[in-house]
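Visitor: I've got a structure to go through with you. Can we take it a piece at a time?

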Amino acid sequence: MTAAPVIRAASAGAVRRVVQSAVVFGVLAASSAAALLGLALFATASEGFYASCAVTHCADLAVTINDSSWLGWNMTSGRWYRGPHEVDASEGFLAATGRAVGDSITLTVNGKPAIARIAGEVFVPSSAPVLFTSWQALGGAAAGLAASHYDIALKPGTTMGSYITALTRVLGPGYQAYTPAGPSIAAEIDTSFFRLLALLVAALAALGVLNSVLMATRERVHDLGVFKAVGMTPRPTLAMVVCWVAAPAIGAAAIALPAGLITQNFLVRDLAASVGMVLPASFVHVLGTADLALLVLAGLGIAAAGVLGPATWAATSKTTTALRAE
Amino acid sequence: MNNGADGPGRHDALVRLGEVTKRYAAGGAPALDRVSLDVGPGEAVAVMGPSGSGKSTLLNLIAGLDKPTSGMITVAGQRIDTLSETKVARYRRTQVGMIFQFFNLLEDLTVADNVLLPAQLAGTPRRRARASCEQLLVSLGIDRYRNSYPGRLSGGERQRVAIARALINSPAVLLADEPTGAVDTATVEEIGQLLLDLNAAGQTLVLVTHNPDLAAKYASRTVRLADGRVISDTAATEAAGHDAAASHPDTGARL
């Protein structure tokens, strides 16, 4: 089975969102490869030549060759392969073969067995069986394997359009070079959605904090009136309200923030599980340390805003009004 | 009657209201309309009138809980209507003791802590404040509740706690807003007698009440308000009750 070789070029940013480079067995002429390598200089001067191709024994199995982690693949478990006898597999592959991370598999390439250990599970947003490995694990290009498709990251400053034009000119007919615009990991499972979800949950937690602050003050309006009636001056009144409110606010924040994150975690994992996906941690833990620090600061800000309003009101309101409050 | 100008005011008034007007809404009807009133030291003045006549407003103004729209209020020689919020709070903690119809005790504090609160705010040394508190609790017969919370007490007992709190800083004037309005009939007598005893001991008292019997029995002077104006200011006719209370051998002597 032969498919038309495909060349895809993308800027470094966009390229990380490419879903996969599914390449089938085929023959890539040496001249084409040489031409490709020549053009690849535009892309490799600083970052090296990024190429990945997949080789498959059958129509159902795609194999992506060489380190294609730069394409944005995420590990669901385990790690990216390192040695010549290691592979990474998609959930589809593991399910189809009944293997797990850490197991060994025997790949038969052109009739020759090649034993490899599964080093990790790569998140592929489909049930397709996909292997990620190196030429060495498959016996090398000398075993008759050839890439039918390269993913190329362009060096910063390289114009994608002119690069593709030049590449197409060099490759000639029978080859296709294009910018990936089809389905991508980002398109299928957009992490910004998870981020939004996380922020929504965090916002709900923040509202909970604000609510607890306001309720704590509201419940004590009458008490404030009593304190003022017996001679408490405005400044101690304000300080007292801050103290009243700070404790429940901090307590609520201490509960709400982790609860919000845990809820988000479960929600995202359950959503993925409902469509048969196991999401890698990077898809779920979308809030980094800086995000969490910002959330804590935001929580403190919300608590402060929630405190200062009622506290200022309490300090300046009429005692008779407060005394009438129930 | 000209809003108290012809009433039995005194030159050495402890509390003096001069042409005091209070409007809650600009352009609205005044809650108090050019009221002038003097209360001398040691007097027990009952302020009476129908609902909305301005009784509580009058008391709140004397307590510094509210400010008049116009006019002047002087208590113990200090003009209070011009004081800042901080200074009026200091005035409240030292010069007046306030007793409310619904007690206004802090439910989260024990009886002793409720009574001690104004003393703590006034900066009274802890030991002295505790001694005063204990003395008041004993005098008012509520010392056994010192560590109880107000929620566990009867209406009469709560009002005694409120009275103790009002007295802890030895205020110049004790202001009572319907002090028997939320207690049963038997307790009305108790509270009335207690106030009478306090007055007999020299405590100046301004009492707002709907109860003409209470006013007649326990106050030496009755000021009647209607529509924010003083319509009468007379000495109590039933002096007998007052005289009897003044000679009460128990709480009057202790307090």
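**Helix packing and the chain contact**

Guide: The crossing of α3(B) and α4(B) is right-handed. Bear in mind that this is a predicted model.

Visitor: What angle do α3(B) and α4(B) pack at?

Guide: About 130 degrees, and the axes of α3(B) and α4(B), the latter spanning residues 126-139, are 9 Å apart. α3(B) is therefore oblique to α4(B).

Visitor: Which residues make that contact?

Guide: From α3(B), they are B:V111, B:A112, B:D113, B:V115, B:L116, B:A119 and B:Q120. α4(B) brings B:R126, B:A129, B:R130, B:C133 and B:L137.

Visitor: And by class?

Guide: Eight nonpolar, one polar and three charged residues make up the contact of α3(B) with α4(B).

Visitor: OK, on to α5(B). How far apart are its axis and that of α3(B)?

Guide: The axes of α3(B), residues 111-122, and α5(B), residues 155-167, lie 7 Å apart. The packing angle is about 30 degrees, so the two helices are roughly parallel to each other.

Visitor: Right-handed or left-handed there?

Guide: α3(B) passes α5(B) in a right-handed crossing. On the α3(B) side the contact uses B:V111, B:N114, B:V115 and B:P118, and on the α5(B) side B:V161, B:A164 and B:R165. Five of these residues are nonpolar, one is polar and one is charged.

Visitor: Switching topic. How many residues does each chain put into the contact between A and B?

Guide: Chain A gives 16 residues and chain B gives 18. About 1500 Å² is buried between the two chains, and carbon and sulfur atoms give 62% of that area.

Visitor: Which residues of chain A lose the most area to chain B?

Guide: A:V230, A:T233 and A:T320. Together they account for 28% of what the chain A side buries.

Visitor: How many salt bridges go across?

Guide: Two are found across the interface of chain A and chain B. Over all chains the count comes to 14.

Visitor: Start with B:D108. What does it pair with?

Guide: B:D108 meets A:R220 in a salt bridge, at 3.0 Å from N to O. B:D108 sits in the loop between β6 (96-99) and α3 of chain B, while A:R220 is in the loop between α6 (191-218) and α7 (221-229) of chain A.

Visitor: And what about A:K318, what's its partner?

Guide: B:D66 is the partner of A:K318, and the closest N and O atoms of that salt bridge are 3.5 Å apart.

Methods. Residues are numbered from 1 along each chain as its sequence is written. Chains are lettered from A and ligands numbered from 1 in the order in which they are written. This is a predicted model: local features need pLDDT of at least 70, side-chain atom pairs count only at pLDDT 80 or more; totals for chains, interfaces and linings use all residues. Side-chain values use heavy atoms; hydrogens and water are left out. Axes are lines fitted to C-alpha atoms, for helices over the stretch in contact, and angles run from 0 to 180 degrees between N-to-C directions. Helices (H or I, at least four residues) and strands (E, at least two) are DSSP runs, numbered from the N terminus. Angles under 35 degrees count as roughly parallel, over 145 as roughly antiparallel, 65 to 115 as roughly perpendicular and the rest as oblique. A crossing is left-handed if the near helix is turned anticlockwise from the far one by less than a right angle, and right-handed if clockwise. Contact means heavy atoms within 4.5 Å. Ala, Val, Leu, Ile, Met, Phe, Trp, Tyr, Cys and Pro count as nonpolar, Asp, Glu, Lys and Arg as charged, and the others, Gly among them, as polar. Buried area is the accessible area (1.4 Å probe) that two parts lose on being put together, summed over both. A salt bridge is a side-chain nitrogen of Lys or Arg within 4 Å of a carboxyl oxygen of Asp or Glu.
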